[in-house]
Amino acid sequence: MPTPYDSIGQSGLQFFGKVSASISHELKNVLAIINENAGLLEDLTFAAQRGSAIDPERLNRTAQNFLKQIHRADEILKNMSRFAHSVDQFNLQVNLHELAGLVANLAGRPAAMRKVILEMAVPQEPATLTTNPFLLENLIWLCLDFAIAATSAGGTLSLTPERTDSGICLHIAGIDKLAEAFPGQMPEGYDDISAALGASLVPDFSKNALTLRLA
Amino acid sequence: MSEKILLIDDEQDFLSVMSERMEARNIQVSTASSAKEGLEKVAAGSFDAVILDLMMPEMDGIETLRILKEKNPDLAVILLTGHATIKQGIEAMKLGALDLMEKPADLSLLAEKIKEAHVKKMIIIEKKNEEMIKEILATKGW
């Protein structure tokens, strides 16, 4: 008997895996910096035991480094927690600005790997819709995956949710190689998820932008 | 003579604290925050070892390793990674990496590897010098 979890599908599992791998990599980087700062404190302690003076400013800098990385890890884990809970309910009213912002944060590392910056704009009016939150996250992830790959290094992608008379949409602008890549290079899984959500992607080649029409 | 290394990592905070700790251990450290900058520094200088992050923007560690080893087959390269797959580990070793270590790394172990690389480099230099002297002796008539 089919269950709501069937909607996650192969693409959903791959999405979950990619996000988890990216988060674990980010956290390892945070731990590496914390580890070296802890090691530095050990080095300073060892030197002090042998009679060297400890510079209070040096200690303060190390404490600031710890705080910076703890804050960074906290942000990563908050995003991870919100992402993990997105499979709790399969039909929910969501705020598109918040949901797309979460996906943009999760895609921050893949974007940084290609030297692309993701910017989230606040909509003029709240853009809410009732949908399957995990599927919508997956769909926006796939759109961003495509947009990042079709944007030159150093480029900026701006994401703008909008409520229009005909429904809710998400504009993704700044895709400078859109004409070459769309629609041939859309990632696997996009067609199935957009069909399941009744969504469509409309290109505007003159503006290097895509509009994801949702409801 | 102290060891001379190049650290390549896109995490500026990591480069900064790692350099400070290594310098405290009498290791001369140069840093680069991208693969491109790292390749330029390797071309311009001489290092006992390169410590290279596996995941970096634009060019990843495996590709950087490939270029480094093509240009300097004797260069010791140690890869550091947040999390490597078995496939990446095998690829790195096939390309001639000295080691692949997971972050957070054990600095004492890393320092040992650097010393090992320094000794190997000295042996290679001595061997090359010996060969050069032998060649000179064989070709010159005096």
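Chain B contains 5 helices and 5 strands, where helices (H or I, at least four residues) and strands (E, at least two) are DSSP runs numbered from the N terminus. This is a predicted model, in which local features need pLDDT of at least 70 and side-chain atom pairs count only at pLDDT 80 or more, while totals for chains, interfaces and linings use all residues. Residues are numbered from 1 along each chain as its sequence is written, chains are lettered from A and ligands numbered from 1 in the order in which they are written, and side-chain values use heavy atoms, with hydrogens and water left out.

**Chain B as a whole**

- Read from the N terminus on, the elements of chain B follow the order β-α-β-α-β-α-β-α-β-α.
- Taken along the principal axes, the box filled by the C-alpha atoms of chain B is roughly 60 × 35 × 25 Å.
- Of the 142 residues in chain B, 44% are buried, a word that here means under 20% relative accessible area, with exposed meaning over 50% and partly exposed the range in between (1.4 Å probe, protein chains only).
- Among the contacts in chain B with a separation of 6 or more, 59% come from residues 24 or more positions apart, and a contact means heavy atoms within 4.5 Å.
- The peptide bond that leads from B:Lys103 to B:Pro104 is cis, with omega near -5 degrees, and B:Pro104 sits in the loop between strand E5 (99-102) and helix H5 (107-139) of chain B.

- The size of an interface is often given as the accessible area lost when the parts come together.
- Chain A and chain B bury about 2,000 Å² between them, with 52% of it on carbon and sulfur atoms; buried area is the accessible area (1.4 Å probe) that two parts lose on being put together, summed over both.
- On the side of chain A, the residues that lose the most area to chain B are A:Lys28, A:Glu36 and A:Met113, which together account for 32% of what that side buries.
- The contact draws 21 residues from chain A and 20 residues from chain B.
- Across this interface the rule finds 8 salt bridges, each being a side-chain nitrogen of Lys or Arg within 4 Å of a carboxyl oxygen of Asp or Glu.
- One of the salt bridges brings together the side chains of A:Arg58 and B:Glu20, at 2.5 Å from N to O.
- Between chain A and chain B, 13 residue pairs are in polar contact (both at pLDDT 80 or more); a polar contact is a pair of N or O atoms within 3.5 Å, where within protein one must be able to donate a hydrogen and the other to accept it, and residues adjacent in sequence count only if both atoms are side-chain atoms.
- On the side of chain A that touches chain B, the elements giving two or more residues are helix H1 (9-49), helix H2 (56-84) and helix H4 (108-113) of chain A, and H1(A) gives the most, with 12 residues.
- By class, that side of chain A has 7 nonpolar, 6 polar and 8 charged residues, where Ala, Val, Leu, Ile, Met, Phe, Trp, Tyr, Cys and Pro count as nonpolar, Asp, Glu, Lys and Arg as charged, and the others, Gly among them, as polar.

**Strand E7 of chain A and its partners**

- In strand E7 (residues 209-213) of chain A, 4 of the 5 residues are buried, so this strand is largely enclosed by the rest of the structure.
- Strand E5 (residues 167-173) of chain A pairs with E7(A) in the antiparallel sense over 5 bridges, and two strands pair if DSSP finds at least two bridges between them.
- Within this pairing, A:Cys169 has A:Arg213 of E7(A) as its bridge partner.
- Strand E6 (residues 200-204) of chain A also pairs with E7(A) in the antiparallel sense over 5 bridges, with A:Pro203 partnered by A:Leu210 and A:Val202 standing opposite A:Thr211.
- The hairpin of E6(A) and E7(A) has 4 residues between the strands, and A:Asn208, which lies in that loop, has a positive phi of about 50 degrees although it is not a glycine.
- A:Asn208 has a relative accessible area of 26% and is therefore partly exposed.

**Other local features of chain A**

- A:Lys115, found in the loop between H4 and strand E2 (117-120) of chain A, has a positive phi of about 55 degrees although it is not a glycine, and at 39% relative accessibility A:Lys115 counts as partly exposed.
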